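Here's a quick briefing to read with the structure open beside you. Take it topic by topic, and find each residue as you go.

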Amino acid sequence: MDDVLQVTGLRKGFRSRGGAVQANGGIDLTVTAGQVVGLLGHNGAGKSTLVNQVVGLLRPDAGEILLAGVDAIARPEQARRLASVQAQANVPITGLTPRVAVELVGRIRGGRRPEVASRAAALLGALDLEEWIDTPSEKVSGGVARLTAFAMAAVVPGRLVVLDEPTNDVDPVRRRLLWGQIRALADAGAAVLLVTHNVREAEQVVDRLAILDHGVVLASGTPGALTHGLGDTLALEVETAPGARLGWPAGLVVAQRTRTRSVATVPAERAGEAIAWAARERAERSIEAFSLTQRSLEDVYVELVDHEESAA
């Protein structure tokens, strides 16, 4: 398969009043045609800094970026022609409707008018935006503006499509439609770099992932390979009734806890015991709902980041 983006040893630092800050600390990353590669990390992990270097908006301190064989550091203007980008901040389209904005970008990127018009209408329709397709941008919601920005990046996609937090402000129903269109971009042959902190939803669409924290890739691989490293354990998630205090079975480790939600790690051989305990607690109305599932990429992410922070 064709490696569209190859990032090797990428380093970028900034100076601040508090001293030097390492944004990217030796990142290696490959994005292949026909794949969605997820770059996962919390705010400040270095994701957007990496994207800005890939498209030539920032110059790295060290390392190499090849985009479809082009040296993106030495020839950023040529690399930009090969990439389509949905930035983290929405592109201002004041005075335009979603249809006009998407068609305009398609024409700028070299698409022929009939094909661009057809593609724009299809994209906006697939995202359930027909109601606002000809509404001035000043009158649409943030979610509609965000979906329009995605369509602007996807109408005539480059060899590499970079999507930086594409689901921000998007409602749950249209998020599902958006994930489907992201998958469709890769299935049509584009290389897609998906930058997000939404681990649970990204898990449904990505082929490979890189987990980034403090500018360093903590782990990378397919979702299956990353979750396999968790071992033969399950996750018991419970929603606690208001004011209830749970007495967890001995040996179960509560990995995540909020005021109303807790997730415990359960060895596979204790699955029956865990379900029986949760059922009893629900019957006594201490628990409102529970589920026992295989552990997810979110668990991988939390464990890796927590381990990194505790070791720091």
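Start with Thr-167, which sits in the loop between β7 (160–164) and α6. Keep in mind as you look around that this is a predicted model.

- Is Thr-167 buried or exposed? Thr-167 is buried, because its relative accessible area is 8% and the cut-off for buried is under 20%.
- Leaving out residues up to four places away in sequence, Thr-167 touches Arg-175, Leu-178, Trp-179, Asn-198 and Glu-201.

**Asn-24, a strand residue**
- Asn-24 belongs to strand β2, which covers residues 19–32.
- With a relative accessibility of 2%, Asn-24 counts as buried too.
- Which residues does Asn-24 touch, not counting residues up to four places away in sequence? They are Leu-10, Arg-11, Lys-12, Gly-46, Thr-49, Leu-50, Gln-53 and Gly-215.
- Now hop over to Arg-112, 88 residues apart from Asn-24 along the chain. The C-alpha atoms of these two are separated by 39 Å.

**Helix α4**
- Helix α4 runs over residues 113–126, so count along and you'll get 14 residues.
- From its first C-alpha to its last, α4 reaches 20 Å, close to the 20 Å expected at 1.5 Å a residue.
- Which residues of α4 are buried? They are Val-116, Ala-120, Leu-123 and Leu-124.
- Those four cover an arc of only 90° around the axis, so they end up on the same side of α4.
- What covers these buried residues includes α3 (98–108), α5 (142–154) and α6 (172–187).
- Just after α4, check out Asp-128, which takes a positive phi of about 60°.

**The largest pocket**
- The largest pocket has a volume of about 350 Å³.
- How many residues line the largest pocket? There are 14, and Ala-83, Ser-84, Val-85, Val-105 and Arg-109 are the ones nearest its centre.
- The elements giving two or more residues to that lining are β6 (83–86), α3 and α5.
- β6 gives the most, with four residues.

Key: Residues numbered from 1 in each chain as written. Predicted model: local features only at pLDDT ≥ 70, side-chain atom pairs only at ≥ 80, totals over all residues. Heavy atoms only, no water. Expected span 1.5 Å × (residues − 1). Buried < 20%, exposed > 50% of the residue type's maximum accessible area, 1.4 Å probe, protein only. Arc of directions from axis to C-beta. Contact = heavy atoms within 4.5 Å. 1 Å grid on protein atoms, 1.4 Å probe; cavity = no way out; pocket = protein on both sides within 12 Å on 5 of 7 lines; lining within 4 Å. Points joined across faces, edges and corners; volume = space filled by probe spheres on them.
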